[in-house]
Amino acid sequence: MQKISFKKFLPGIAWFFIVVVLTCLPGSDLPHIGWLNRIHFDKLVHVGLFGMLAFLFSFPFFKTDIPSSKKIGYLLWIAIIASLWGLAIEFIQKYFVSGRTFDLLDWAADSLGALIAFLYCRSRSTKPPAMAEV
């Protein structure tokens, strides 16, 4: 079985730190644009941030020779961990970041992003079983 180089995870690690910085900005540093708030644009941002996080950590598995069932297991764990990290960020915002609060809908958006990334990566990184020739 092929080993995955640590270097392949560097984009995911870099994105992790970008997510930490962006989600830990004080509330006063966030732009307040009326019409974006009305359409809940911040939820789309959460979907994108955590979807990309799960994707970048899943991407190294795309072209490996790891058996499909094991690969899907890794991808699922990555999505679960990304979702749990979104929940942790909500608690960090509530207790440690000024002007930020815990928002269950933000966590739902984080989890949706991780789920979308999982479904996409699963479809792209696993091959259907070969059909037997008739």
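1. Surface. In this predicted model, the chain exposes about 8900 Å². Carbon and sulfur atoms supply 72% of that area. Buried residues account for 32% of the chain's 134 residues.

2. Fold content. Five helices and zero strands make up the secondary structure elements of the chain. Along the sequence the pattern reads α-α-α-α-α.

3. Contact range. Take the contacts in the chain between residues at least 6 apart in sequence. Of these, 79% join residues at least 24 apart.

4. Helix 4 against helix 5. Helix 4 spans residues 68–96, and helix 5 spans residues 104–125. The two pack at an angle of about 165 degrees. Their axes lie 9 Å apart. Because angles over 145 degrees count as roughly antiparallel, helix 4 is roughly antiparallel to helix 5. The crossing of the two helices is right-handed.

5. Who meets whom. On the helix 4 side, the contact residues are Lys71, Ile72, Leu75, Leu76, Ala79, Ala82, Ser83, Gly86, Leu87 and Glu90. On the helix 5 side, they are Asp106, Trp107, Asp110, Ser111, Ala114, Phe118, Cys121, Arg122 and Ser125. By class, the contact of helix 4 with helix 5 holds ten nonpolar, four polar and five charged residues. Among the residues of helix 4 in this contact are Lys71 and Glu90. Helix 5 brings residues including Trp107, Phe118 and Arg122.

Definitions and conventions:
Residues are numbered from 1 along each chain as its sequence is written. This is a predicted model: local features need pLDDT of at least 70, side-chain atom pairs count only at pLDDT 80 or more; totals for chains, interfaces and linings use all residues. Side-chain values use heavy atoms; hydrogens and water are left out. Axes are lines fitted to C-alpha atoms, for helices over the stretch in contact, and angles run from 0 to 180 degrees between N-to-C directions. Helices (H or I, at least four residues) and strands (E, at least two) are DSSP runs, numbered from the N terminus. Angles under 35 degrees count as roughly parallel, over 145 as roughly antiparallel, 65 to 115 as roughly perpendicular and the rest as oblique. A crossing is left-handed if the near helix is turned anticlockwise from the far one by less than a right angle, and right-handed if clockwise. Contact means heavy atoms within 4.5 Å. Ala, Val, Leu, Ile, Met, Phe, Trp, Tyr, Cys and Pro count as nonpolar, Asp, Glu, Lys and Arg as charged, and the others, Gly among them, as polar. Buried means under 20% relative accessible area, exposed over 50%, partly exposed in between (1.4 Å probe, protein chains only). Accessible areas come from the Shrake-Rupley method with a 1.4 Å probe; for residues, only the protein chains shown count as cover.
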